[in-house]
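Please study the sequence and the three-dimensional structure shown below. The explanation that follows leads through selected parts of the chain.

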Amino acid sequence: MGLKSNLHSLKEKYRGTKMAPAFNALHTFLYAPNETTHSGSHIRVVDDLKRTMNTVILALVPCLIFGMFNAGYQHHLALGDIGRADGFFSAIFWSWDNLVIGLWKVLPLVIVSYGVGLAIEFLFAVIKGHEVEEGYLVTGMLVPLIVPIDTPLWMLAVAVTFGVVIGKEVFGGTGMNILNPALTIRAFLFFAYPTWMSGDKVWVHGAVARDKAIAAGQNIDAISGETVLGSLAQNHEPAYSVADMFFGMIPGSVGETSTMLILLGALFLIFTKIGSWRIIVSTVLGALTMGLIFNFVVSQGWITESSKFFGLMSTTWWHHLLIGGFAFGAVYMATDPVTGSQTNIGKWYYGFFIGFISILIRVFNPAYPEGVMLAILLMNVFAPTIDHYVVQGNVKKRMKRLKVKTA
């Protein structure tokens, strides 16, 4: 008897019991259900919500693998063990030593994220007697990719618990939440543990530990992992080239640094019709518009080099797409089908304001030079309002046509 048959037997054995959702989840996650509809009109398709979520995870895997290598690369580079990589395919970057560091630091983040999140999903399914919801399959992969490399595991577990329970389950579970769960987790970490989410030490493995050792009296050199955004916020010239920023060989959250791989992921999601190209394109347009406005302000001399905002405002308008978490947020966060706008016209407004507000917050936020997280959460709240006015506008247009025809 095969695994599928065994799982089906267990599902039938525990049908109607508290543990039924757990066996159903395992069975349908690995295989297509044995049951088929017998009456009524229906469409046969090979995909379902689990398969859709798995497709998004496939789009995230390159970012995960690259993030592992980059974690080791930034660590060894900061220690002075290696020189800078001279291109995307440089052997200095794609080395076994870098991968070992990445596996050691990133895999525990993934395991904790999935372990805690899915345990809560199973618990709520058993308590409430409904099927296990698949929404956390993508969230569980997103969370490790949007946090600093040295985030303590207990801290991540607390944040995941908060995000799943307060950000999703209290609203009714998958499909009912108004805020993106992964960004809710990230926002909780930022406001609850700000020193672990910002600064120039948290982005490179070992920097925080060295800082503590120096404070304890050890005679060792400190290492810094200041991001491009951090440098610009301090009105300093970044130490990285445009190629470094595009390929992703810069400090940052685990999976958000490589704009090139994120772009490939965007094309894959658009090709599979899972990600909304309208939201992605409009988010980019919004960011470019705000970047051009800031560049115009600087060119007119309204802001001088003495201003604390000069570094980011004078950044070349299209460079904003390559730094920070903007590209990752635009592709994998803003396109969330549950918390985003649902109407085609609404998606243009929704995405444009995300991009516009992201760069606005990035420049004027004195504590944290990044804005995509807060911009997406803000527009998550306004997405239903945007859709409401779009629908009402369509209704009024149709009513006018009806009056003309009946006149």
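Glu121 and Lys168 are both buried, a term that stands for under 20% relative accessible area, while exposed stands for over 50% and partly exposed for values in between (1.4 Å probe, protein chains only). These two residues form a salt bridge in which the closest N and O atoms are 2.4 Å apart; a salt bridge requires a side-chain nitrogen of Lys or Arg within 4 Å of a carboxyl oxygen of Asp or Glu. The pair links distant parts of the chain, with Glu121 in helix H4 and Lys168 in the loop between H6 and helix H7 (181-192), 47 residues apart. Helices (H or I, at least four residues) and strands (E, at least two) are DSSP runs and are numbered from the N terminus.

The model is predicted, so that local features need pLDDT of at least 70 and side-chain atom pairs count only at pLDDT 80 or more, whereas totals for chains, interfaces and linings use all residues. Residues are numbered from 1 along each chain as its sequence is written, and side-chain values use heavy atoms, with hydrogens and water left out.

How many salt bridges does a search of the whole structure find? The search finds three. Another of them joins the side chains of Lys105 and Asp150, at 3.2 Å from N to O. This pair also links distant parts of the chain: Lys105 belongs to helix H4 (residues 96-128) and Asp150 to the loop between H5 and helix H6 (153-165), 45 residues apart. Lys105 and Asp150 are both buried. Arg362 and Glu370 form a salt bridge as well, their closest N and O atoms being 3.2 Å apart, and both of these residues are buried.

Attention now turns to helix H5. Is helix H5 (residues 136-145) largely enclosed by the rest of the structure or left open? Because 10 of its 10 residues are buried, helix H5 is largely enclosed by the rest of the structure. Among the buried residues of H5 are Tyr136, Gly140, Met141 and Pro144.

Phe162, Ile166, Val170, Phe171, Met176 and Ile178 form a nonpolar surface patch whose accessible area is about 530 Å² together. Such areas come from the Shrake-Rupley method with a 1.4 Å probe, and for residues only the protein chains shown count as cover. Patches consist of residues with over 30% relative accessible area and no salt bridge; like charges are joined within 9 Å, and nonpolar side chains (Val, Leu, Ile, Met, Phe, Trp, Tyr) within 5 Å.

A positive surface patch is formed by Lys396, Lys397, Arg398, Lys400, Arg401, Lys403 and Lys405. Lys and Arg count as positive and Asp and Glu as negative, while His and the chain ends are not counted. The place of each charge is taken as NZ of Lys, CZ of Arg, CG of Asp or CD of Glu. Lys397 is found in helix H16 (residues 372-406).

Some loop residues also deserve attention. Thr227 lies in the loop between helix H8 (207-215) and helix H9 (228-233), and is buried at a relative accessible area of 14%. An unreviewed UniProt entry annotates Thr227 as "modified residue: FMN phosphoryl threonine"; UniProt positions follow the numbering used here, feature names are shortened, and annotations may be inferred rather than shown by experiment. Lys273, in the loop between helix H11 (259-271) and helix H12 (277-299), is exposed at 75% relative accessibility.
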